[in-house]
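Please examine the sequence and the model shown below.

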Amino acid sequence: MYDKLSRHRFLFEELVKRDFKKKYKRTVLGMAWSVLSPLLTLLVMKLVFTQFFGRTTAHYTIYLFCGNLIFSYFNEATSQGMGSLMGNAGIFTKVNVPKYLFLLSKNVQTLINFGLTLCVFCVFCVLDHIAFTWKLVMLLYPIVCLVLFNIGVGLILSALFVFFRDIQYLWSVFTMLLMYMSAIFYTIDQYSYTVQCLFLLNPVYLFIRYFRKIVIEATIPTVWFHLLMAADVLIVVGIGCWMYKKYNTRFLYYV
C-alpha cells in the first residue's frame, strides 16, 4: 500500500487540494467555517441543554465540546467518504489508480478540519481552567484510532454506495440516532450498570469517553478499554479492506 501511495503521490496531493478547495468554494469565510461550524453547534447545544444537564456536570462546556468534537469529525469523515468512489468515477474508470486514494484524500481534508477545531478546543480548556498534565499525550491514541476507524467505515460505506444508492439516506438516519446514543449532551450516571456497559458497544462513545477521561477527569482509561477500542478499529478496517479487495473490479460496472 505504501509503495502505491508513493507512486501516486502527486495524484493524492492534488486530490486533497481539490477536495479542500471544493468544500469552501464561493464561501465568504472559507476555512473559518471549519472552526465556526462546530462552535455554533456547541453554542446551540449549550444554550439548549445546560438547564437540563449542565447544572450538575462539572466543566459542562468542555464535556459538550468533547462530544461534539469527536462526533462532528466522525460524521463529516464518513459522510464525505461515502461518495468518494462515485464522485471520482470519471478518474478511475479511465486511469488505473488505487481506488482507496480517493477515500484517503477525503479523510486528510476532514482531519485538517478536526485539527483546527482541536486547537480551539484547547483554548476553551484554558478558559475553563482545565489543568494540562502529561496525560494529554495519551490523546494521541484515540485520535489515531478514530482516524483509522473513520477510514474503515468510509471504505465500507463507499463500497456499499456504489451498489446501493439508498445507503446515503439510511446513513443520515443512523448518524442522527448514533448522536443521541453517544451521550454527547447528557451523562450516563443515572443508568444502571448494565445499561452503562451497553454504551461501550458504541465505538463513537468510546472515543468521546476517552477524551473526557483524559481532559476533564485527568485519568487514563483501563487496559481493556484500550483493547476494546483497538478491536473496533481492527474489525471495521478489516471489513472495509476486504470489501475493496473483493469488489475492486465490480466497481467499474456500477459507477
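**Contacts, core and pocket**

Leaving aside residues up to four places away in sequence, Tyr 244 touches Ser 84, Leu 85, Lys 99, Tyr 100, Leu 103, Leu 155, Ser 158, Ala 159 and Phe 251; contact means heavy atoms within 4.5 Å. This is a predicted model, in which local features need pLDDT of at least 70 and side-chain atom pairs count only at pLDDT 80 or more, while totals for chains, interfaces and linings use all residues. Residues are numbered from 1 along each chain as its sequence is written, and side-chain values use heavy atoms, with hydrogens and water left out.

Tyr 244 is also among the residues with the most contacts inside the largest nonpolar core, together with Phe 74, Phe 121, Phe 185, Phe 207 and Phe 211; this core has 72 residues. Such a core is a set of buried (under 20% relative accessible area, 1.4 Å probe, protein chains only) Ala, Val, Leu, Ile, Met, Phe, Trp, Tyr and Cys residues joined through side-chain atoms within 4.5 Å. Helices supplying at least two core residues each include α7 (140-163), α8 (167-180) and α11 (223-246); helices are DSSP runs (H or I, at least four residues) numbered from the N terminus.

The axes of α7 and α8, lines fitted to C-alpha atoms over the stretch in contact, come within 9 Å and cross at roughly 140°, on a scale from 0 to 180 degrees between N-to-C directions. Val 153, Leu 157, Leu 160 and Phe 161 of α7 meet Ile 167, Gln 168 and Trp 171 of α8.

Which residues lie nearest the centre of the largest pocket? They are Ile 188, Tyr 205, Arg 209, Lys 213 and Glu 217, from a lining of 22 residues. A pocket is an open set of points on a 1 Å grid over the protein atoms alone, where a 1.4 Å probe fits, with protein on both sides within 12 Å along at least five of seven lines; lining residues have an atom within 4 Å of a point. The largest share of this lining, 4 residues, comes from α10.

Notes:
Buried < 20%, exposed > 50% of the residue type's maximum accessible area, 1.4 Å probe, protein only.
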